[in-house]
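Here are my notes on the model, point by point. Please keep the structure open as you read.

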Amino acid sequence: MSGDSLARVARDVARCERCPRLREWCRLVARTRVRRFQGQEYWGRPVPGFGDPAARLLVVGLAPAAHGGNRTGRVFTGDRSGDFLFAALFRAGFANQPTSVARGDGLELRDCYVTAVVKSAPPDNKPLPEEVLNCREYLAREWALLPRVRAVLALGRIGLEGFAAMLREQGRMPARGRLAFGHGLAHDLGEGRRLFCSFHPSQQNTFTGKLTAADLDRVLRAVRRHLGRP
Ligand code: SF4
């Protein structure tokens, strides 16, 4: 899209109404809230990606959390998944601080941009296939506007498949065959780009020990090596 910018994508995302089920859910959550956040104003709208426009690492998650990004207006911000992810990005030198609690909390991503395949919080964290499809345009625009990216970190299978489907649509991947998903697996995307897989840092995975901090650090070390960072 000529004249496009990350700021324009963010504006378009924030006012998007393409998925009625998700928009209704986000508004309902924002109205009813949970007890611990009763006194807070929820964002209640789709949540754009954010980070360094010159990023070489793109992190692709599933979707904002109902009381995380849907509350704070910044993806992976204000929930346990984000606590886990940003602490790891900080340890790996991709963030200036290990916490992410609210927009305006001073967090800066360095050489890194974080987004999700679905920009509105879905009930039970499960978007429908047509909702992933509806949202693909925004991921594609972010991808086009981040030309320095050389490493993509897909968090979870839906992150991987959503991202791969976007590349396929652009003819940048073979139309057939699925990319294997597994923690620590990596795939060559051509042109010096590599796609790394990690289990999603959801509480379901981190509380059960399926994904530990050391596991995520290992993948981020591989990302750093690929980017030529010592
Ligand atoms: S999920 Fe994406 S396409 Fe659907 S309403 Fe939200 S921003 Fe729009």
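1. Start with arginine 33. Its relative accessible area is 28%, so arginine 33 counts as partly exposed. Bear in mind that this is a predicted model. Arginine 33 sits in the loop that runs between α2 and β1 (50-51). Its phi is near 60 degrees, which is a positive value in a residue other than glycine.

2. Glutamate 191 also deserves a look. Its phi is near 55 degrees, again positive in a residue other than glycine. The residue is found in the loop between β5 (186-190) and β6 (193-198). Glutamate 191 has a relative accessible area of 63%, so it is exposed.

3. Now α2 itself. This helix has 13 residues. From its first C-alpha to its last it reaches 18 Å, close to the 18 Å expected at 1.5 Å a residue. Which residues of α2 are buried? They are Leu22, Arg23, Cys26, Val29 and Ala30. These residues lie on the same side of α2 because they cover an arc of only 130 degrees around the axis. On the other side of α2, the exposed residues are Pro20, Glu24 and Arg31.

4. Next, the ligand. The space it takes is the largest cavity. Around the ligand are Cys16, Arg18, Cys19, Leu22, Arg23, Pro46, Val118, Lys119, Ser120, Asn134, Cys135 and Tyr138.

5. Which helices each supply at least two residues of the shell around the ligand? They are α2 (20-32) and α5 (129-144). The most comes from α5, which gives 3 residues to the shell.

6. What is the make-up of that shell in nonpolar, polar and charged residues? It divides into 7 nonpolar, 2 polar and 3 charged.

7. Last, arginine 80. It lies in helix α4, which covers residues 80-91. Arginine 80 counts as partly exposed because its relative accessibility is 47%; the cut-off for exposed is over 50%. Alanine 65 is 15 residues away from arginine 80 along the chain, and the C-alpha atoms of the two are separated by 9.6 Å.

Technical notes:
Residues are numbered from 1 along each chain as its sequence is written. This is a predicted model: local features need pLDDT of at least 70, side-chain atom pairs count only at pLDDT 80 or more; totals for chains, interfaces and linings use all residues. Side-chain values use heavy atoms; hydrogens and water are left out. A residue is near a molecule or strand if one of its heavy atoms lies within 4 Å of it. On a 1 Å grid over the protein atoms alone, a cavity is a set of points where a 1.4 Å probe fits but cannot get out, and a pocket is an open set with protein on both sides within 12 Å along at least five of seven lines; lining residues have an atom within 4 Å of a point. A molecule sits in a cavity or pocket if more than half of its atoms lie within 2 Å of its grid points. Helices (H or I, at least four residues) and strands (E, at least two) are DSSP runs, numbered from the N terminus. Ala, Val, Leu, Ile, Met, Phe, Trp, Tyr, Cys and Pro count as nonpolar, Asp, Glu, Lys and Arg as charged, and the others, Gly among them, as polar. The expected span of a helix is 1.5 Å times one less than its number of residues. Buried means under 20% relative accessible area, exposed over 50%, partly exposed in between (1.4 Å probe, protein chains only). The arc is that of the directions from the helix axis to the C-beta atoms.
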